[in-house]
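Have a look at the fold below, then follow the notes topic by topic.

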Amino acid sequence: MTNDAPPRWDRRMQQRLAHGEAAALGELYDRFASLVHSLAHRVLGDETGADRVTREVFGHIWEHPEEFDPREGSLRSWIAGLTHRHAVSRLRRTEADDERPTAEIEEKVRAASAAARADYIVTSMPAPLRAALDLAYFRRLDYRQTAVRLGVTEDEARRRLRLGLQLLSTAHEGPRAVSPPGGGAALR
């Protein structure tokens, strides 16, 4: 389930944060903490690191609400991009402290980034596509069974699966490949 909000909600939330309204930060945290934590965990593979990144991201949002530009995309997309940057930065610092070869560190960053983008793509894709992928790939139903479960034609089930897979295939193309509905680069 996505936590998409109308653009008006995004702008109002930014205004509340800019005015230092602590309740706004709490509301934002309630809405997006699981997204932030799961993306950070996916990049870092570490619960403690994901907890730290989650705190860093919400601290950054509290201190810099003006950085969000509603014309470039949703608040959710901005938060996901911010999370990705913080998590990759933490991963690079951690790996550099371990004195691993640079190529190995960069490969791990690339793999973690692709996984985080895939998670983001799945959570932000339209609900009908996500539901079809869930039934077909995670619950292992074929497209006919998926169509019955969703109450759509077999052709519609195949279309939803194809579109969902096309979106997921962009996860390995790089951070700028993912654009949220409404425009703007999601992950940079």
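Buried means under 20% relative accessible area, exposed means over 50%, and partly exposed is what lies in between, computed with a 1.4 Å probe on protein chains only. By that scale G26 is partly exposed, with a relative accessible area of 33%. Please keep in mind that this is a predicted model, in which local features need pLDDT of at least 70, side-chain atom pairs count only at pLDDT 80 or more, and totals for chains, interfaces and linings use all residues. Residues are numbered from 1 along each chain as its sequence is written, and side-chain values use heavy atoms, with hydrogens and water left out.

**The overall fold**

- The protein has eight helices and zero strands, where helices (H or I, at least four residues) and strands (E, at least two) are DSSP runs numbered from the N terminus.
- Along the sequence this reads as α-α-α-α-α-α-α-α.
- Of its 188 residues, 43% count as buried.
- Among contacts (heavy atoms within 4.5 Å) between residues at least 6 apart in sequence, 63% join residues at least 24 apart.

**How to read the helix pairs**

- Two packed helices are described by the angle between their axes and the distance between the axes.
- Axes are lines fitted to C-alpha atoms, for helices over the stretch in contact, and angles run from 0 to 180 degrees between N-to-C directions.
- Angles under 35 degrees count as roughly parallel, over 145 as roughly antiparallel, 65 to 115 as roughly perpendicular and the rest as oblique.
- A crossing is left-handed if the near helix is turned anticlockwise from the far one by less than a right angle, and right-handed if clockwise.
- For residue classes, Ala, Val, Leu, Ile, Met, Phe, Trp, Tyr, Cys and Pro count as nonpolar, Asp, Glu, Lys and Arg as charged, and the others, Gly among them, as polar.

**Helices α1 and α2**

- Helix α1 (residues 7-18) packs on helix α2 (residues 22-44) at an angle of about 135°, with the axes 8 Å apart.
- The two helices are therefore oblique to each other, and the crossing of α1 and α2 is left-handed.
- On the α1 side the contact uses W9, M13, R16 and L17, which meet A23, A24, L25, E27, L28, R31 and F32 in α2.
- Sorted by class, the contact of α1 with α2 has eight nonpolar, no polar and three charged residues.

**Helix α6 and its partners**

- Helix α6 has twelve residues and reaches 15 Å from its first C-alpha to its last, close to the 16 Å expected at 1.5 Å a residue; the expected span is 1.5 Å times one less than the number of residues.
- Buried residues in α6 are L129, R130, A132, L133, L135 and A136.
- The axes of α6 (residues 127-138) and α8 (residues 154-169) come within 8 Å and cross at roughly 95°, which makes α6 roughly perpendicular to α8.
- From α6, P128, L129, A132, L133, A136 and Y137 touch R160, L161, L163, G164, L165, L167 and L168 of α8.
- That contact of α6 with α8 contains eleven nonpolar, one polar and one charged residues.
- With α7 (143-150), the axis of α6 comes within 9 Å and crosses at roughly 135°, which makes α6 oblique to α7.
- The crossing of α6 with α7 is right-handed.
- A131, A132, L135 and A136 of α6 contact T146, R149 and L150 of α7, giving five nonpolar, one polar and one charged residues.

- What is the phi of R140? It is near 60°, a positive value in a residue other than glycine.
- Most residues other than glycine have a negative phi, and most peptide bonds are trans.
- R140 sits in the loop between α6 and α7 and is exposed, with a relative accessible area of 71%.
- W78, in helix α4 (residues 75-97), is buried at a relative accessible area of 14%.
- Leaving aside neighbours within four places in sequence, W78 is in contact with I61, H64, E67 and F68.
- W78 and F68 are ten residues apart in sequence and 6.7 Å apart in space, C-alpha to C-alpha.
- D155 belongs to helix α8 and is exposed, with a relative accessible area of 53%.
- Eleven residues in sequence separate D155 from R144, and their C-alpha atoms are 9.1 Å apart.
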